[in-house]
There are 2 protein chains.
Amino acid sequence: MNKFMKLAIDEAISGMTLNDGGPFGAVIVKNGEIISFAHNEVVKTNDPTAHAEVTALRKASSKLGRFDLSDCEIYSSCEPCPMCFAAIHWAKIKKLYYGSTREDAANINFDDKYIYDVIKGTASELQVDVIQIHRLESLEPFRLWKIKIDKTEY
Amino acid sequence: MNKFMKLAIDEAISGMTLNDGGPFGAVIVKNGEIISFAHNEVVKTNDPTAHAEVTALRKASSKLGRFDLSDCEIYSSCEPCPMCFAAIHWAKIKKLYYGSTREDAANINFDDKYIYDVIKGTASELQVDVIQIHRLESLEPFRLWKIKIDKTEY
């Protein structure tokens, strides 16, 4: 089988065996070379964002010294949740390989599919009450950004 | 105006002024008390996941020593992107206040709305090529998780 996906699955198993978090692993590859690999560390680190993909992205960015990973690919043992899927976009990665699905994750009680459904507007119940306030005042940083000369865009 | 939203906006402005990243800020509040505040640090840290909300969530989790922030609320100067919106769900936060919108962010060239459109299936072009492989092998960590006795669910 694909050696990068095999590593992602091995990471998923070792992470859960260590009680670091849920059974998920990810690997980041550049030109056929492994740049980083990680497993879910939510429980170990008390960080709700420490999913396998986010952790692998952070490690790769740190190693390469840049937030633009457009020359990298990511392998994930499971379809990334919306947090990780969006993080992959922000990192400008162009290719994502995944194994099991959001429905498979739902079958072991992880909320990936539910959060997708919330975003798509198809969830029957909403966990988060979302309230917009002070839009006018909140546009001030954007006005300043527009006229800022020395900004780094990403 | 709401003092927590004012702080989120002030953070957004100070972060972009310091060239730490884009013009976004967030504050996490528990029982009317500020637990953490942060601005976007993508450029400063070379971490594509270091958005204001994710950074504020990490700080709050670290400070409180738990990944469950269900007793907290979050204030964000802009509507969170899908990464941050999902991160808020994983942290089990129940109330989100935001100022400017994903369309406002798109107007200053941030991809929040584009990534929402990808997830909703309404984007006209896809930045990431998504390929499923080895689902059967990828189900093995989930099989082991199901029968694991000493797991911490979240």
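Which residues are buried in helix 6 (residues 112-120) of chain B?

## Helix 6 of chain B

In this predicted model, the buried residues of helix 6 of chain B are Asp112(B), Ile115(B), Tyr116(B), Val118(B) and Ile119(B). Around the helix axis they cover an arc of only 155 degrees, which places them on the same side of helix 6 of chain B. An α-helix has 3.6 residues a turn, so residues three or four places apart point the same way.

The cover over these buried residues is drawn from both chains: it includes helix 4 and helix 6 (112-120) of chain A, together with helix 4 (82-90) and helix 5 (102-107) of chain B. After helix 6 of chain B comes Gly121(B), which has a positive phi near 85 degrees.

## A sheet built from both chains

Five strands form an open sheet with mixed pairing, in the order 5(A)-4(B)-3(B)-1(B)-2(B). The edges are held by strand 5 (129-132) of chain A and strand 2 (33-39) of chain B; each has a single partner strand, so one side of each is left without a neighbour in the sheet. On average, neighbouring strands of this sheet are turned by 20 degrees against each other, direction ignored.

Helix 1 (residues 3-17) touches strand 1, strand 2, strand 3 (73-78) and strand 4 (95-100) of chain B, and its direction makes about 145 degrees with that of strand 1 of chain B. Helix 3 (residues 52-64) touches strand 1, strand 2 and strand 3 of chain B, its direction making about 140 degrees with that of strand 2 of chain B.

## Interface and nonpolar core

The contact between the chains takes 74 residues from chain A and 74 residues from chain B. On the side of chain A that touches chain B, helix 4 (residues 82-90) of chain A gives the most, with 8 residues. By class, this side of chain A has 41 nonpolar, 17 polar and 16 charged residues.

The largest nonpolar core has 94 residues, of which Ala56(A), Met83(A), Ala87(A), Ala56(B), Met83(B) and Ala87(B) touch the most other members. Leaving aside neighbours within four places in sequence, the contacts of Met83(A) are Thr49(A), His51(A) and Val54(A) in chain A, and Met83(B), Ala86(B), Ala87(B) and Trp90(B) in chain B.

Definitions and conventions. Residues are numbered from 1 along each chain as its sequence is written. Chains are lettered from A and ligands numbered from 1 in the order in which they are written. This is a predicted model: local features need pLDDT of at least 70, side-chain atom pairs count only at pLDDT 80 or more; totals for chains, interfaces and linings use all residues. Two strands pair if DSSP finds at least two bridges between them. Helices (H or I, at least four residues) and strands (E, at least two) are DSSP runs, numbered from the N terminus. Axes are lines fitted to C-alpha atoms, for helices over the stretch in contact, and angles run from 0 to 180 degrees between N-to-C directions. Two residues are in contact if their C-beta atoms, placed from the backbone, lie within 7 Å. Ala, Val, Leu, Ile, Met, Phe, Trp, Tyr, Cys and Pro count as nonpolar, Asp, Glu, Lys and Arg as charged, and the others, Gly among them, as polar. A nonpolar core is a set of buried Ala, Val, Leu, Ile, Met, Phe, Trp, Tyr and Cys residues joined through C-beta atoms within 7 Å. A residue is buried if 20 or more other C-beta atoms lie within 10 Å of its own, exposed if 12 or fewer, and partly exposed in between; C-beta atoms are placed from the backbone. The arc is that of the directions from the helix axis to the C-beta atoms.
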